[in-house]
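Please open the structure in a viewer and keep the selection panel at hand.

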Amino acid sequence: MPERLNSAKLITPAPNSLYQLPESIARRTLAELLHIKSDPARYIDEGGAATVHHISDSICMKVLHDRHTSAYSGLFNLGNSIEQEAYFLETLSDFGVGNTRSPRYVGQIVSTVRGEPNILLMEKLDAVNLQHVMNGTAILPKSFSAKIFFDELDRYIVALHTIHKIVHLDLEARNVMIDRETGMPRVIDFGRSRSIASLSKASKVHFMNKDMDAVEEMYQKWQNCQNKKEML
Ligand SMILES: Nc1ncnc2c1ncn2[C@@H]1O[C@H](COP(=O)(O)OP(=O)(O)OP(=O)(O)O)[C@@H](O)[C@H]1O
Ligand SMILES: [Mg+2]
């Protein structure tokens, strides 16, 4: 039995799911996966809640800090548990609008020891972060067209709301990536998302509007950024 099962449980999608955890990864222990985390060559990027690392050509891992044990945990909104975030990713694994989608879910390693990190395994996107492009630290894919991209992002978010009754609630440029091949959006990071299925009509509208306003704001920021670049 792998060592990781002492302190963490590995959860993978249902047996008939398209996205199985490859044997080569399932056999790895938690210690081995955390070793990957310390290899600079495997580092992809990070946000406030996690660091993301390359596992294979098609799979990456998001290592979530256990913020619940932080001395400052009471001071900020902790966001979703790993199980909640994984649930949204799994729900959306087969979902897409046109050429826009989210990373496919692969599995999760949920620590049973407080303070130990949790790991979310997912499809490694061949994409660049929209915020990085705006910062000038990543190259914009040639196939990108702002009008098509943001229209499609809008349609994806509307479908997320109406078909899946999910609101993202963290639609910032850092949580949207651009697929290198198609130039289309990849919506990532469901760490603040929530289901609106059981909410009142007014609450549903409130949260859906928040997402739509966030997309509009992102588009404005993108345009401002392009205008500034043109003036230089
Ligand atoms: N599936 C993926 N494939 C490739 N890169 C990814 C993937 N998921 C995340 N990333 C990269 O890693 C970064 C951090 O991931 P993520 O946004 O999920 O972390 P976070 O800590 O929850 O972020 P935030 O600060 O927005 O809460 C992303 O901004 C993105 O650049
Ligand atoms: Mg993020």
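Predicted model: local features only at pLDDT ≥ 70, side-chain atom pairs only at ≥ 80, totals over all residues.

Residues are numbered from 1 along each chain as its sequence is written, and chains are lettered from A and ligands numbered from 1 in the order in which they are written.

**Confidence**

Colour the protein by pLDDT, the predictor's confidence in each residue, from 0 to 100. The mean is 89, and 91% of the residues reach 70 or more. Next select residues 1-6, where pLDDT stays under 50. For this stretch the model has nine contacts beyond four places in sequence; two residues are in contact if their C-beta atoms, placed from the backbone, lie within 7 Å.

**The two domains**

Select residues 8-123 as domain 1 and residues 127-231 as domain 2; such bounds come from an automatic or database domain assignment. Their C-alpha centres lie 21 Å apart. Across the boundary, 18 residues of domain 1 are in contact with 20 residues of domain 2. On the domain 1 side, helix H3 (82-91) and strand S6 (100-101) each supply at least two residues, and the largest share, four residues, comes from H3. Helices (H or I, at least four residues) and strands (E, at least two) are DSSP runs, numbered from the N terminus.

**Ligand 1**

Now select ligand 1, which 22 residues surround, each with its C-beta atom, placed from the backbone, within 6 Å of the ligand. Among the closest are Asp 45, Gly 47 and Asp 189. Strands S2 (43-46), S3 (50-54), S4 (59-64) and S8 (118-123) each give two or more residues to this shell, and S2 gives the largest share, three residues. Because domain 1 and domain 2 both give residues to the shell, ligand 1 lies between them.

**Helices H5 and H6**

Finally, select H5 (residues 146-164) and H6 (residues 201-231), which pack at an angle of about 170° with their axes 10 Å apart. Axes are lines fitted to C-alpha atoms, for helices over the stretch in contact, and angles run from 0 to 180 degrees between N-to-C directions. The two helices are therefore roughly antiparallel, a term for angles over 145 degrees. Their contact includes Phe 150 and Leu 153 of H5 and Met 212 and Trp 222 of H6.

Notes:
Parallel < 35°, antiparallel > 145°, perpendicular 65-115°, else oblique.
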